[in-house]
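Visitor: Could you walk me through this model, please?
Guide: Gladly, let us look at it together.

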Amino acid sequence: MRRGLVWSLLIIVGVAAACLGVTIGLGRAPLLGLDLKGGVSLVLKPTGTANASQLQEAVNIIDRRVNGLGVSNSDVARQGSEVVINLPGIKNSQQALDELGQTAVLYFRPVKCEIPPYAAPKAATTPTTVAPKVSGTVPSKALGEPGAFRLTSALLASSTTPTTLVPTNGPGPTAAQLQQACSSSNASEIPTTPVSQDTAKATVILPDRSGQVRYVLGPADMTGSAVSNAQVEVDPTTGQYTVLLTFTGKGAAEFDKIATSRYACYEQNTANPPACSLEAFELDGVVESAPTIQAPSFHGTAVISGSSSNPFTSSQASQLALVLKYGSLPVRFVPQQVQTVSATIGKDSLRAGLLAGIGGLAIVMLYMLAYYRALGLVVLVGLGVGGALLYSILTELSYTSYHLTLTLAGVTGIIVSIGITVDSYVVYFERLKDEVRSGRTVRQSVERSFTRAFRTVLTADLVSFLAALILYFFTIGDVKGFAFTLGLSTLLDVFTAYFFIRPAVILVGRRRSITDNPVFGIARGLGSRPGRALPGEA
Amino acid sequence: MTAVTVGAYRRLFRGETSFDFAGRWRRWFAISGTVILIGLISLGVRGLNFSIDFKGGTVWEVPTSASVSTARSVVAAAAPSLGQATVQTLTNTETGQRTIEVQAAAKTTSDPAEVQSVREALARMAHTSIDNVQLNEIGPSWGSDITDKAVEAVIVFLVVVSVYIWLRFEGKMALAALTALIHDILVTVGIYSLSGLQVSPDTVIAFLTILGYSLYDTIVVFDRIQENTRGLASTNRLTYSDTVNISMNQVLARSLNTSLVAILPILSILVIGAWVLGATALETFGLALFVGLTTGAYSSLFIASPLLALLKEHEPRYSEIRRRLEQAGERRDARRRLTPAAVAGSVAERTPDSEGSGGRDARRKPEQPAPAVANGSPPVEVEYGRAAAGGEGDGIPLRSEVPYRSGNRPPPRPRKKGRRR
């Protein structure tokens, strides 16, 4: 029992120290937000004209794309007739610009035929198939999956610039070439349609993502606004990655209409389906996927799977889901300019706030020491342990795909969470005081008080955690980021309450030299010795 | 420190307070009602001052090498209502051209003359022609869909939490806790409207923090009330209000300490950071947190608990107890003795001292519910054991015959000779 307590204490202090040591040793610190450190500002200009509502829709989609998890503190707004994106702590702004400039419209297009790549004839089709989602449960969204593709600083800085498969401008195929593309014997000489000519009503020739095959595509059947959601799933029978596509109400009807005609084609030859059974998903001049439609109606959900010979990898499936989910903007944008933005809070303000916060904390600590004596020391060490763990976790999350960014609001949230963490101690100590007051010694009281106090802490923390969980799953943007931090600090609170406060207080409470010390004794801090001077009188 | 506060603090430290929280509900409700009413009137008349993130606004851009603080003072001089404008620098990564950007919310820039005067002032500052100051309107970055989703989430949260409190505690506690929460929301919103401070996304997040904190605080208090009521259920010697009062006084030290710990750093940021050192950005949500934490702590003591007592007193069981006790004229005596220390003292007498004489006590009083004690049973619960054991069955279940004065602890207990000290 006693040994267990010592171990628990040693392990948690050791883990906290090690985490902090590694974090500092690696020279890592949490990413700081736009308000604290500034970042990069990108301006996107729509090609052609776009009305205010289209721009606002684009803003919402881009915001969701760059800040889906809400913790990366990006800021997207419409400014005049342009869209301004502010990203914190970005390293390679040019790359960010290139990447965000890729925003485009997602089209669903009929496939006329497949042709070899331009001037490099080598055909290797990778057929994929679409089967209707078998009725039943739709599994919940895998937490964190889409996070892997958030377009924020670190990701943008490290990711490779995608395909230069499609020329942005230049001569495209002539009308005559398009006409005979499918029957031409030297189709590889017909150029690919440039992005500038890639409009909804046009017939186009576009490559797939690998660049090994091109498709001749008819005018768009519908746009990506028909898709309400797309997520990666693992097929329980085959174990392969698939993408579950959910359509909006209107989109479902449109897609079923397309599916009926494609399926008619598919039925002609199920073993080797003709091109007319394919439906291409095209984003920004690249065919992301061109699956065979294997059912006449889908009732709003469809599963896209790789072929049995060439299954999806995890990243391919995630990429496809991301494109389908967020790839559609109502208008096409051209990147305009990149600027670095300064912090919105001046350095002096920041320093003032920091100093004030530290001063406030110091007063709190002094108060705890004066009020609870030796137990105040336990609080001090405990906050150190909790703080080290929180700092390490926040820093670590800045370096993952979540790109957690610390803003002023986040820092303040942490200060409030100190209050809630210290409350676990206070509830325990006040309970201890009740027990000691009723005539027990400190030694007798420490464990039974903990049982009761922990129950209270659990009940109250559960409410906080519920709040965090609900906010996380129901909201978007900054609120989601707040919920994340709240949930994290609540979990840490329960964790340190059990693994640190309990062993520390029990061990301290067993030492008579500590409990009965006239100045610093726990018994005194708990007010178990009447008649002596109390802190208020001194 | 005056003598009165020292005395009150000492009594708090020793658990010798006996504030009547439940009985004076009219006073507390009147105070809160007044504050909320003033806030609501202000909300109706003045509304809230939403920041640029919600409604969009105006942005001025001027190429200049002037500093941010210069620009800020120039803007403030040209249009005093734009004191809360965001000023930052933009530096073009290719040309290195530095631009000062000033953003202000739509509501404060509704006057075209003011917009124009800021434009002129900025041009003068940059020593350039007025045409070089670009003027643009900017859309909201915190779209209405974010707000809608947040409201949706808060509603779901309230429902789930109500159900949770209902299951974990009871329906009336859920009602009282929710009332306290709504009280906190109304007070905070009212104060924001009154002060005219900007409501930014940070404020909304601070606001959500408050919701969580307020409930957290209320639940800690209710946990103690529930624990004490369970013990009292069979004694029939205390009214529900008295139970609530004992519980409140028991958790009072905890509530004050916790609130101090949470509020002190915020207050420090607000006072030192924002007002003394002039970091205006900290004001907006520092105030939200300060008001929220204070009203959160206040409402769990002065709104949730008295309301709970009011609701419960109407239950036949508790109104019966009250009627009986008032007939016997015992309540006034009880009130004086209901301090946490007195309750604990009375428990000390009844509870077997597990270390020194536990075995003996157990033999002497076989009916004593030993397992309950081992689980860290609440003080008053032991009274149940005594009642079951058929102890002196009259009067108040508290040992002390005279109210304790400070330094006047109960007399030494003869049967605790064997207790180690």
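Guide: A crossing is left-handed if the near helix is turned anticlockwise from the far one by less than a right angle, and right-handed if clockwise. This is a predicted model, where local features need pLDDT of at least 70, side-chain atom pairs count only at pLDDT 80 or more, and totals for chains, interfaces and linings use all residues. Residues are numbered from 1 along each chain as its sequence is written, with chains lettered from A and ligands numbered from 1 in the order in which they are written.

Visitor: What is the handedness of the crossing of H2(B) and H7(B)?
Guide: Helices are DSSP runs of H or I with at least four residues, strands are E runs of at least two, and both are numbered from the N terminus. The axes of H2 (residues 25–45) and H7 (residues 171–195) of chain B come within 8 Å and cross at roughly 50 degrees (axes are lines fitted to C-alpha atoms, for helices over the stretch in contact, with angles from 0 to 180 degrees between N-to-C directions). The crossing of H2(B) and H7(B) is left-handed.

Visitor: Which strand residue is the bridge partner of Glu114(A) in S8(A)?
Guide: Strand S5 (residues 106–115) of chain A pairs with S8(A) in the antiparallel sense over four bridges, and pairing takes at least two DSSP bridges between two strands. In S8(A), Glu114(A) has as its bridge partner Tyr215(A).

Visitor: Which residue in the hairpin of S7(A) and S8(A) takes a positive phi near 80 degrees?
Guide: S7 (residues 204–207) of chain A also pairs with S8(A) in the antiparallel sense, over four bridges, and Val204(A) is bridged to Leu217(A). Six residues lie between the strands of this hairpin, and the one with that positive phi is Gly211(A).
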